[in-house]
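Thanks for coming. I will go through one structure today, starting with a single residue and then moving out to the whole chain.

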Amino acid sequence: MDDREGPPGETPHERDSRRLRELLEETRVAMPGVQVLFAFLLAVPFQQRFTDLSELERDAYVVALLSAAAATALFVTPSAFHRLRFRRRDKAFLVALGNRMVIAGLAMLLVAMNSAVFVVTSFILDGRTPAVLAGTTTGVFVLLWFVLGLARGRAAGDD
């Protein structure tokens, strides 16, 4: 079924309600991953060997930490907005805003996860291998999370 049309007889209000439910469900899928990553990153500096990290590894750690925090904020925004604007007939705006926030949250989660991959692999592997691995995982995330959907939209003739 084409999401733009919805089921037969669906009113604009029903369509907005359906889209909002779908959006909030999608954020429920992404949140546990970003929460676990964020918790892990919050604990890392308190480990004994954290002081062994190089300046580059510490910089990558800070990028991972701040990106995970940003992803959390972006993923929670639709729920917070909905709670503050509940019963104000703002669903269409919330769905449009929430869509942008979730996409931005995915981008921040991508940065956080791959920065964490770099930090962890650089701690246990030598040379350029950590950068290659982080670059490879970044490419996989970009391909699966963004390119695949955008390519399908282009092939389907979406705007």
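Is E10 buried or exposed? E10 counts as buried, because its relative accessibility is 18%; buried means under 20% relative accessible area, exposed over 50%, and partly exposed in between, with a 1.4 Å probe and protein chains only.

Before going on, a word on the source. This is a predicted model, where local features need pLDDT of at least 70 and side-chain atom pairs count only at pLDDT 80 or more, while totals for chains, interfaces and linings use all residues. Residues are numbered from 1 along each chain as its sequence is written, and side-chain values use heavy atoms, with hydrogens and water left out.

Back to E10. Its partner is R18: the two form a salt bridge, with the closest N and O atoms 2.8 Å apart. By salt bridge I mean a side-chain nitrogen of Lys or Arg within 4 Å of a carboxyl oxygen of Asp or Glu. R18 also counts as buried, because its relative accessibility is 13%.

R18 has another salt bridge, to E22, where the closest N and O atoms are 3.5 Å apart. R18 and E22 both sit in helix α1, residues 12-43, and are four residues apart, about one turn of the helix. E22 counts as partly exposed, because its relative accessibility is 36%. Through shared partners, salt bridges join E10, R18 and E22 into one network.

Elsewhere, R49 and D52 meet in a salt bridge at 3.5 Å, N to O. R49 is exposed, since its relative accessible area is 51%. The whole structure has five salt bridges.

Now the overall layout. The protein has four helices and zero strands, and these are DSSP runs numbered from the N terminus, with helices being H or I of at least four residues and strands E of at least two. The C-alpha trace spans about 60 × 40 × 15 Å along its principal axes. Buried residues make up 32% of the 159 residues.

Which residues does F118 touch, leaving aside its neighbours within four places in sequence? F118 is in contact with L56, A60, P130, A131 and A134, contact meaning heavy atoms within 4.5 Å. F118 belongs to helix α3, residues 91-124, and counts as buried because its relative accessibility is 15%.

Contacts also reach along the chain: among those between residues at least 6 apart in sequence, 70% join residues at least 24 apart.

That is the end of my part.
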